[in-house]
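Good morning, everyone, and thank you for making time for this. Please take a moment to look at the sequence and the model, and then I will talk through a few points.

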Amino acid sequence: MLFCNTQDLQTILNILYILNELLTVGGGRRVGVFVSKGGTGILLQLVLSGSKESPPSEELMLQLHSLLAKVGPKDRKFGVKARLNGALNVTVNLLKQNLQNHKLLLPCLQVLRVYSSNSVNAVSLGKNGVLELMFKIIGPYSKKNTSLLKVSLDTLGALLKSKTNARRAVDRAHVPVLLYIYQDWHRNDTRHRHMLIRKGVLGCLKNITNIKLGRKAFIDADGMRILYNTSTVSTVTKLPKTQSCLCPCVWLPVDDVVDESDDNDDVETENDTENEEEDKDHHNDDIETDINKLRPKETHSRPFEELKIYERFFLELSEDFQVMQDRHPFVSLSQRPIIVPTAQALPPKYPTAAPLQEECHLAKGEQPHPEASPLAPAPTPAPVHTLDTINITKDHDGCCDHSQVRPQPVLEHYRQPPLLAGGVAAQQGGGAEETLAEEWAEEEEGGEGAVLEVPDTALLLPLHDPDLYVEMVKSTRSVPQYSEVAYPDYFGHVAPTFREHILERVYGVQRTKIFQDIERLIHPNDILDKVVYDLDIQSCPVIDDGESLKFNSQFESGNLRKAIQARKFEYDLVLNSDINSNHYHQWFYFEVSGMRVGAPYRFNIINCEKSNSQFNYGMQVLMYSVQEAISGRPRWVRTGTDICYYKNHFSRSSIAAGGQKGKSYYTMTFSMTFNHKDDVCYFAYHYPYTYSTLKMHLQKLEALRTPQIYMRQDILCETLGGNSCPLLTITAMPESTSNDQICQFRNRPLVFLSSRVHPGETNASWVMKGTLEFLMGSSPLAHSLREAYIFKIVPMLNPDGVVNGNHRCSLSGEDLNRQWQSPSPELHPTIYHTKSLLQYLAAIQRAPLVFCDYHGHSRKKNVFMYGCSLKETVWQTNISATSCELHEDLGYRTLPKILSQMAPAFSMASCSFVVERSKEATARVVVWREIGVQRSYTMESTLCGCDQGKYKGLQIGTRELEEMGAQFCVALLRLKRLTSPLELRNHAHLLDVESDLIETRCKVSRSDTCTHQGYYSKQELTLKIYTETIIFECETN
Ligand SMILES: [Zn+2]
């Protein structure tokens, strides 16, 4: 306040000296106070008034600027204040007049650096010639004034974030100058004393190359080679990362629709810089704060009359078993998919389905097949038997005869996986088929032992049957009409017995990979750029010159769009987007053959989208070798070295990046050497589990049914693609037809499970497999579980996505787990009908005790759950006013708590019960809110591995996933005991069995009387266990 009243320069200076002392010693806190009291404004005012003196007092300006340099970075509005105040120009003029006065120059530059971080200031400073001013200060190597140089480079870097300034720098030929300065410092600063200066130059170059002109200027100035040559001998590990950003941005080597405006990226826009850290902030913003959306949705919008048709899926609720001996529960009355009244009233589906199909083919880059339209279902939802009309089944007479499949071709001459349709070999190149057949015949005569045999896995894989698998494939409908079967799905997978550790990342692997990428630009002579596989071109020539690998992904769940041999042993791979979408590239599953033993192959999947991946944290890809399989080791194994995942220079069109411009793709790279000659290998993102595999498993599970098991398989509905969506009912048969027993049977609480809404999350299917096998098992626990509950299970919510190799969506190109609020019966039939089942249950007062949707998680480790809690959500927000009125049963925590105590892969610490806004249309939230299921969960399984518990440090395998599914069942049994005391006594005898099976570590608070346990009667003991479990539950909550 004193400042304003005094005109005396010396007094002002004295105050400024004191202030300078104060703010230097006090650190950030004092500066904060100074800013909050309006100190910045006063200082800026003094700058302005001081500048009006002629000449301005140098000492005053020096003091003011060194104060501003301290205060500026702490004041978020500093840039705006300075501009409005007119201080910007004062500082710039001061600089211009004092270029040789280093004492004054430094604080002025420091202040300028802060001004420039404001984008509006940057543009205006650029116009005022500040870029040129900076180039007068920065220069070749010199030991003098390095701090001045450093600040100037930072200022320049900040100014160049503006595209206008970047263009100006290109126009004035500053790019070669910067490169020259960089080289000079690199040459002379041999002891790396001034790394920050080189870093500053690189920062400037990086910002200039954000625009297209800049990238061109950079390449024209031979920048790529200069940086490459300097950084290979440099110790600066940061450099390559920067350098990859300097690469000229290009489109993916496929023909895609791109937004033309993306090409013109040099236009100044607000917020034009990419900010990946934003995700974290969004996370907090995402919490639901609307209390009404956290309360149960009261109105059931659908009249019961409309829901009544779902009664047929709940025969067990009215079953009286009067003719029990003949009755086979499986002979279901509802074999036909349900006909929705609303859907029926619509005109034939062709008009909606046909355009979809066309887009589909475009999206997959294929020619439309006019005669075959797997996407156009019959006018009304068709009965299942019409599936017979699809091609595969028609053609199967000639080719899929077991006599043809069984004596497999000699592997040496192996060309194709077992064919279902005769046409495929012919498609791929006419005469080859005959020649092949001849060769096989010859070979079969002479070569004993060389014949490819189906590995005998019946003992190891009781639920797998290759012949049955092929049968199942015939009725599976895919958009590309796959006619081949991948060997891994045919042979089956036996989980290896050895441990697969989470890979330790080799230091500098990303640097090496990026150097290799850059070398492509520098040594173009090594580059082959040979397209060896291309789904977009129907007649893509299969070059068989022994110089290239052969690729294939034309089978169920397969996903590979294009393969380009970049160098002799290096391939760039492009994945298909989800059908009717132009993104979601993550899932892959393809076949490779024609490899050389021992050669160091490198594979790069170049159009990944997520900004980070577990591939950077020890996850490996999965590989299946047919040679290994026929040697008795049919299995997927984690493989690959030098794995890393990083941003590349391929641009994403804004259409494919949700409207955001300037986004890039990511490369997932891995290297490997093949061990077998003439092998056929498969690579996948995660353990494949096809829709046909599910159908096969379900048939095999049916065979496990005993007279004690009630199991029914209904067809819930048909998908857009014409596949049926199975619904399972599993419980125990009543012990007799007595009223009591029937009553107990009908009144068992329901557990509703679903999985695989996201096709790329195959781990969810393996967990589901574990659950189903446990439920159909013969153990006493399984029996108790069936007696305790009626299980309703939709094991695959998105069959079409799975079949067609999608990562996330269904055929409509939508994420089905965002459609639960108002699913459309036409576009999202599986969700619509699953929700209807739940609505029906709610309407008859039988809402399930537990709802759980199994998923896979690509970024986190372990297995964990997401649940819904009103309180825990409110606690995370600021809506505290109402929180004291909130009443909530804590029961939603019990199941995950039990799981964390018995399932080694499960981690309570990773669980969350907060309701996010972005998740309001997911199964978990809708079932919680609309159906009123308190225990409504998403169970997420890692794709990578565990960092706690028994499996710490190991990658997850199918054995662990299946075990998780089984343990989920055991946990439900314990939940049952915790929730209903009456049931307890019936199963008291099982408690020991259970505790043998699972390592219980529950901290039950035991009283002293515990030691007298032997004296309790059975009933007393039961009561005691009950009270203890109650205590347990209280504690765990
Ligand atoms: Zn998911």
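**A cavity and a histidine**

Let me begin with helix 33 (799–803) and helix 34 (829–843), each of which supplies at least two residues to the lining of the second largest cavity. Please keep in mind throughout that what we have here is a predicted model.

The count comes to eight cavities of 30 Å³ or more, and the second largest cavity has a volume of about 80 Å³. Of the 13 residues that line the second largest cavity, the closest to its centre are Thr719, Asp800, Ser810, Leu816 and Pro829. What kinds of residues make up this lining? The lining divides into seven nonpolar residues, five polar ones and one charged one.

Now let me turn to histidine 855, whose place is in strand 16, residues 850–857. Is histidine 855 buried or exposed? With a relative accessible area of 2%, histidine 855 counts as buried, because buried means under 20%. Its side chain makes a polar contact, at 3.1 Å, with the side chain of glutamate 761. Leaving aside neighbours within four places in sequence, the residues in contact with histidine 855 include Val757, His758, Asn817 and Thr938.

Finally, stepping back to the whole chain, there are 41 helices and 18 strands, and buried residues make up 57% of the 1037 residues. Among the contacts with a separation of 6 or more, 78% are between residues 24 or more positions apart. The accessible surface of the chain comes to about 44,200 Å², and 52% of that surface belongs to carbon and sulfur atoms.

Note on methods
Residues numbered from 1 in each chain as written. Predicted model: local features only at pLDDT ≥ 70, side-chain atom pairs only at ≥ 80, totals over all residues. Heavy atoms only, no water. 1 Å grid on protein atoms, 1.4 Å probe; cavity = no way out; pocket = protein on both sides within 12 Å on 5 of 7 lines; lining within 4 Å. Points joined across faces, edges and corners; volume = space filled by probe spheres on them. Helix = DSSP H or I, 4+ residues; strand = E, 2+ residues; numbered from the N terminus. Nonpolar A, V, L, I, M, F, W, Y, C, P; charged D, E, K, R; others polar. Buried < 20%, exposed > 50% of the residue type's maximum accessible area, 1.4 Å probe, protein only. Contact = heavy atoms within 4.5 Å. Areas by Shrake-Rupley, 256 points an atom, 1.4 Å probe, with all protein chains shown as cover. Polar contact = N/O pair within 3.5 Å; in protein donor to acceptor, adjacent residues only side chain to side chain.
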